[in-house]
Amino acid sequence: MKAAVIPGVNEEWELREVPTPEPGPADVLIRVRASGICSNDVLVTKGMLPFPAFDPAIPGHEPVGEVVAVGDAVTSRQVGDVVGTTWIRGTCGSCDYCRLGLPLSARAAFACAAPVSTGFTVQGGQAEYIVVAADQTVLIPDHLSPELAVPVLCAGYTSWSALRSADPKPGERVAVVGIGGLGHLAVQYARACGFDTIAVTSSPEKHDLARELGASTVVSNGEELRAAGGADVVLVTGTSYRAAADAMTGLNVNGRLVLAGIDVTEPFTLPPMLPFFGLGQRIIGATHNGTEYLREALDLVAAGKVKPLVETFAAEDVAEAVRKVGKGEVRFRAVVTY
């Protein structure tokens, strides 16, 4: 089969011919139709996140395709099902974290002793075929194309989990910081739920688009957010913790700020003189918070209430796709087709 391979840290992705994996008794073999590239894949390539622990190093944690074979013990999936799988799809089952019996979520990536992580600890989805345990797949809703489903497996999953973590109440205002791969979906999810939604972006060229996505107001920073009436929920979807801290200037009393993006360059710090302790505010971390949220996020896209904006690449152009993602030149999610 054809697969994208990372030869080594800081090396360009290559499309290679590699052996097609065989499913075990509890597995399904998926013919991948589309697989996403996100900023984490760029960080992996640069060695800023753990490099794939297998050879060849096939990355990718957002694959969608058809089931073409099932193991003898599989009853929950059948040939022809369109499915995807997620970044964290299993745990070791025996460590202290696993003994808590919590629902599967990306918390396992940081707490489990040996999580099953697509593209990190097991083969990723940037390939024509991938083997996944049947119970680690999610059914893709009917009439939702693989190209539009792919971004939901990571960016949409994160954005929706962030909104749900904040638990906004009727009448509250939601602000989204960063109108990129996550943020352009977060604005749509918040608006689809009926919340007055504010976009916070320092990029003037994104203002019109943010309004088209559903933002009623677009501001450039926390001070402008405060002047616009503030927000009860601030979803930080970009990769700048400095922008996240600045946005707290516009966070209302009892407001919740959700960190959903990853900044690998600097820590998150509270702004000087901010009376955070006296305002009843909370800072929440969110990523993939449980597969029930993934199903909800997929359903909203399938219903046409949210539309991922994607740029598609042929498998032969996977290296170019990675370069464009690394330079921030993709609006807003890169999808490779196989």
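Leaving aside neighbours within four places in sequence, which residues is Lys-206 in contact with? The first close-up takes that up, after a few words on the model.

This is a predicted model, where local features need pLDDT of at least 70, side-chain atom pairs count only at pLDDT 80 or more, and totals for chains, interfaces and linings use all residues. Residues are numbered from 1 along each chain as its sequence is written, and side-chain values use heavy atoms, with hydrogens and water left out.

**View 1. Lys-206 is a buried lysine without a salt bridge.** Look for Lys-206 in the loop between β11 (196-200) and α6 (207-213); helices (H or I, at least four residues) and strands (E, at least two) are DSSP runs, numbered from the N terminus. Leaving aside those neighbours within four places, Lys-206 is in contact with Ile-179, Gly-180, Thr-201, Arg-331 and Phe-332, where contact means heavy atoms within 4.5 Å. Lys-206 counts as buried, and that label means under 20% relative accessible area, with exposed over 50% and partly exposed in between (1.4 Å probe, protein chains only). The nearest side chain of opposite charge, Glu-205, is 5.9 Å away. Lys and Arg count as positive and Asp and Glu as negative, while His and the chain ends are not counted. A salt bridge takes a side-chain nitrogen of Lys or Arg within 4 Å of a carboxyl oxygen of Asp or Glu.

**View 2. Met-48, Ile-262 and Val-264 make a nonpolar surface patch.** The patch comes to about 250 Å², with accessible areas from the Shrake-Rupley method and a 1.4 Å probe; for residues, only the protein chains shown count as cover. Patches are made of residues with over 30% relative accessible area and no salt bridge: like charges are joined within 9 Å, nonpolar side chains (Val, Leu, Ile, Met, Phe, Trp, Tyr) within 5 Å. Ile-262 sits in the loop between β14 (251-259) and β15 (282-285). With a relative accessible area of 44%, Ile-262 is partly exposed.

**View 3. Arg-282 belongs to strand β15.** Here the relative accessible area is 46%, so Arg-282 is partly exposed. Arg-256 is 26 residues away along the chain, yet the C-alpha atoms of Arg-282 and Arg-256 are separated by 4.8 Å. Not counting residues up to four places away in sequence, Arg-282 touches Gly-255, Arg-256, Leu-257 and Phe-276.
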